[in-house]
Amino acid sequence: MVRKEGTNEPYGLIMETAFLPVLAQAEVMSAEQEIAATKAGQQLYAQNGITTAHEGATHLNQFETIKRASDANANIIDVIVYPFITDVDAILAKYPIDQWLKYNNHFKVGGIKVTIDGSPQGRTAKFTTPYLAGGPAGEQHWLGELTFPQDTINTMIKKVYDLNVPLNIHANGDGAIDAFFEAHLSAANGDLTKDRNITMIHAQFSRKDQLSKFKEYKIRPSFYTLHTYYFADAHLKNRGKKQTDYISPMRDAIDIGLHPTNHTDFVVAPLDQMMMLSSAVNRLSRHNEVIGTTQRITPLEGLKAMTIWAAEQYNEEMNKGSLEVGKLADMVILDNNPLTIEPTKIKDIKIVETIKEGNTIYMAK
């Protein structure tokens with residue numbers, strides 16, 4: 001909990017895992033409120049051209065809320081949930097694993113989420129070198145910290161591998177990425193290169209030498225290029241220019257044969273798919289400075305990271321991600337072509353219509 005400077009009085013900002021006991025005491029909604037909120041929330045996604053959404057660390061009470069709304073046919077888009085590792089047993093008791101990995105009323109359990117560290121802007125991501133600005137509470141020589149001890153992370157990863165379901169792993173700092181590799185070595189039973197459908201969410205401060213392990217171990221990075229705009233100043237202060245310029249290294253990842261995806265991490269950053277595309281193509285900060293010239297990608301590559309490669313991430317490339325005969329008619333109509341427009345103008349493209357399975361779910365007025 002962030003405190004007012006010089007006092008023990010809470011400032012109102014609760015970071016990382018400190019929010020969990022607060023969330024657990026949130027007021028329970030009625031069934032009618034849940035359905036209304038579900039429809040309103042999903043309309044935000046539809047307005048931004050999103051037809052499949054990912055709920056990234058689902059605790060039991062959230063799982064049950066989403067499931068109730070889905071059973072009531074409230075979903076207008078596909079919703080994929082990833083039970084958080086600490087809640088997996090409780091969720092399995094109510095929703096057996098033979099019901100996972102397949103849709104029911106536009107709802108699917110996609111795998112399991114494990115969080116290894118915090119955020120670089122909050123100085124809670126785990127690095128192998130110290131933060132230039134120290135720790136969030138004034139710590140010196142601060143490297144950040146792992147969410148769980150290494151032995152616990154090893155056990156968690158082994159549990160997911162034994163269940164044989166996809167894994168989403170949250171890791172921001174290079175130290176957290178190293179911690180996952182250590183867990184992978186411990187849990188993989190000697191089969192390090194088996195395709196386990198592992199996605200590393202954020203993977204922001206991946207080192208170049210780590211990218212080769214992503215390829216070798218068949219780990220997909222899901223980068224977060226919006227940080228080049230929203231948090232560039234914080235990263236420059238905390239990590240320095242060299243490391244900040246290499247944040248979300250999409251160019252290098254693509255060049256070695258990976259199919260990275262890109263995400264907004266809503267509500268940390270706004271739902272704005274054209275801004276997300278622009279951040280991958282242009283990598284411009286709030287001050288209009290390029291953050292990592294060598295890691296810019298083409299608009300077509302940026303679109304693939306939001307469509308066909310995202311479909312691959314969810315094992316849905318046979319049904320989604322591109323417009324082909326036999327696939328679902330999930331599509332978005334834009335008011336301009338991101339492949340031909342001036343790249344810096346991509347962020348100004350508007351969503352005209354969003355179509356889910358051939359039906360319009362959003363039309364601009």
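A salt bridge is a side-chain nitrogen of Lys or Arg within 4 Å of a carboxyl oxygen of Asp or Glu. I wrote that down before looking up any pairs.

**Entry 1: ground rules**

I am working with a predicted model, in which local features need pLDDT of at least 70 and side-chain atom pairs count only at pLDDT 80 or more, while totals for chains, interfaces and linings use all residues. Residues are numbered from 1 along each chain as its sequence is written, and side-chain values use heavy atoms, with hydrogens and water left out.

**Entry 2: the whole chain**

I found 14 helices and 11 strands in the protein chain; helices (H or I, at least four residues) and strands (E, at least two) are DSSP runs, numbered from the N terminus. The radius of gyration is 20 Å, close to the 21 Å from the globule rule for 365 residues, so the chain is as compact as a globular protein of that length. That radius is taken over C-alpha atoms, and the rule is 2.2 Å times the number of residues to the power 0.38. I also noted the box that the C-alpha atoms fill, roughly 55 × 50 × 50 Å along the principal axes.

Next I looked at burial: 48% of the 365 residues are buried. Buried means under 20% relative accessible area, exposed over 50%, and partly exposed in between (1.4 Å probe, protein chains only).

Then came contacts (heavy atoms within 4.5 Å). Of those between residues at least 6 apart in sequence, 68% join residues at least 24 apart.

**Entry 3: charged pairs**

Side chains of opposite charge can pair when their charged atoms come close. My search of the whole structure gave 21 salt bridges.

I started with Lys 241 and Asp 245, whose closest N and O atoms are 3.1 Å apart in a salt bridge. How many residues apart are they in helix α10? They are 4 residues apart in this helix (residues 241-245), which is about one helical turn. Lys 241 is exposed, with a relative accessible area of 53%.

The side chains of Lys 356 and Asp 78 also meet in a salt bridge, at 2.7 Å from N to O. Lys 356 lies in strand β10 (residues 351-356) and Asp 78 in strand β2 (residues 78-83), so this pair ties together parts that are 278 residues apart in sequence. Are these two buried or exposed? Both Lys 356 and Asp 78 are buried.

My next pair was Glu 316 and Lys 320, a salt bridge with its closest N and O atoms 2.7 Å apart. Glu 316 and Lys 320 are both buried. Salt bridges with shared partners join Asp 78, Lys 108, Glu 316, Lys 320, Asp 330, Lys 356 and Glu 357 into one network.

**Entry 4: helix α12**

In helix α12 (residues 273-281), 9 of the 9 residues are buried, so the helix is largely enclosed by the rest of the structure. What covers them? The cover includes α8 (227-230), α11 (250-255), β8 (261-262), α13 (299-304) and β9 (331-334). Just after α12, Arg 283 takes a positive phi of about 55°.

Met 276 counts as buried at 1% relative accessibility. Not counting residues up to four places away in sequence, Met 276 touches Thr 225, Leu 226, Asn 262, His 263, Thr 264 and Met 306. I also checked Tyr 224: its C-alpha atom is 8.4 Å from that of Met 276, though the two are 52 residues apart along the chain.
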